[in-house]
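Hi,

Here is the structure I said I would pass on. My notes on what turned up are below it.

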Amino acid sequence: MRPDAGRPLVGAYAEHMSKQTGRRHPAGLTTWDRCAVMGVVNVTPDSFSDGGRFFDTTAAIKHGLDLVAQGADLVDVGGESTRPGATRVDEDEELRRVVPVVRGLASEGVTVSVDTMRASVATKALDAGAILVNDVSGGLADPRMLPAVADAGAPFVVMHWRGLLSPGNVRGTYADVVTEVHDELRARVEAVLAAGVAADRVIVDPGLGFSKDAEHDLVLLAHLDRLLALGHPLLVAASRKRFLGRVLAGPEAAPPPARERDAATAAVSALAAQAGAWAVRVHAVSATADAVRVARAVEGAR
């Protein structure tokens with residue numbers, strides 16, 4: 001375990017840090033004294049970033065434990081790729097991929113999030129030891145999701161989503177991306193609250209790369225304060241995404257492969273932490289764990 005990987009906020013220091021950074025923390029989870037690091041375990045053969053590397057249950061569990069050793073505070077386990085054009089897996093296959101990995105990591109004391117758009121997978125993952133549901137559709141893909149999360153009392157990530165990223169359904173046109181994402185997230189949060197999910201367990205995510213081009217993603221990152229104004233903890237998931245490849249390549253060169261974007265990911269993690277994000281979701285943990293610790297040290301020096 002890296003030093004300072006999960007120190008909880010306590011007493012007067014907790015109040016001091018919250019006032020300094022504006023960082024909000026979801027109920028039901030450990031509260032760290034900095035932006036948390038969420039490591040990614042893709043139990044899929046077709047992820048854009050690391051598809052197939054951790055498809056085997058044993059390999060996936062080992063990878064999750066390795067991420068924790070490198071500084072991850074929690075681990076997000078998903079069994080369905082959401083890359084553009086990905087074919088959805090059926091329910092039984094997603095359960096087969098996800099639940100054993102969740103159970104294996106939880107049994108080792110890892111704080112586990114489940115990345116799913118299906119209520120059945122969320123429920124069985126929570127039963128297996130997950131404590132957070134990360135739904136990229138914000139409950140839109142499965143009408144059973146919100147009642148299931150409300151009944152479980154689990155923290156719930158509401159991502160900005162305009163539908164599956166299939167050809168012809170990108171819907172990436174915005175007149176004012178910050179205002180529109182803010183307003184659409186607010187409406188979705190209201191629906192989540194109306195379904196019975198507790199307000200202090202709602203986390204919001206701007207959905208970088210989902211129905212957005214590189215310019216949209218950059219503008220959203222420059223205005224995270226507008227999304228924090230929604231009043232809920234903020235998760236930023238920029239890791240290895242296409243917009244970072246565009247930034248690194250410039251206007252004419254080919255973007256570098258996903259696994260060559262980790263330094264850029266760490267830079268975004270530091271910026272998100274400084275802005276007050278609750279957590280950042282990343283594939284390669286070590287550099288981001290360092291980045292958020294530096295961001296916290298700067299906050300503490302103010």
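Let's start with threonine 116, which sits in the loop between β3 (112–115) and α4 (119–127). Helices (H or I, at least four residues) and strands (E, at least two) are DSSP runs, numbered from the N terminus. Before going on: this is a predicted model, where local features need pLDDT of at least 70 and side-chain atom pairs count only at pLDDT 80 or more, while totals for chains, interfaces and linings use all residues. Residues are numbered from 1 along each chain as its sequence is written, and side-chain values use heavy atoms, with hydrogens and water left out.

Threonine 116 counts as buried because its relative accessibility is 2% (buried is under 20% relative accessible area, exposed over 50%, partly exposed in between, with a 1.4 Å probe and protein chains only). Its side chain makes a polar contact of 2.7 Å with that of glutamate 94. By polar contact I mean a pair of N or O atoms within 3.5 Å; within protein, one must be able to donate a hydrogen and the other to accept it, and residues adjacent in sequence count only if both atoms are side-chain atoms. Leaving out residues up to four places away in sequence, threonine 116 touches Glu94, Val121, Ala122, Asn134, Asp135 and Met145 (contact means heavy atoms within 4.5 Å).

Now the sheet. It is open, with eight strands in the order β6-β5-β4-β3-β2-β1-β8-β7 and parallel pairing; two strands pair if DSSP finds at least two bridges between them. β6 (202–205) and β7 (235–236) are at the edges with a single partner strand each, so one side of each has no neighbour in the sheet. β1 (residues 36–42) and β8 (residues 279–282) pair in the parallel sense over four bridges, and methionine 38 has arginine 281 in β8 as its bridge partner.

Valine 189 is in helix α6 (residues 177–194) and counts as buried because its relative accessibility is 6%. With residues up to four places away in sequence not counted, valine 189 touches Val158, Val202, Val204 and His232. Its C-alpha atom is 9.7 Å from that of valine 157, 32 residues apart along the chain.

Last, helix α9 (residues 242–249): its buried residues are Phe243, Leu244, Gly245 and Ala249, and they pack against α7 (214–222) and α10 (262–275). After α9 comes glycine 250, with a positive phi near 80°.

Cheers
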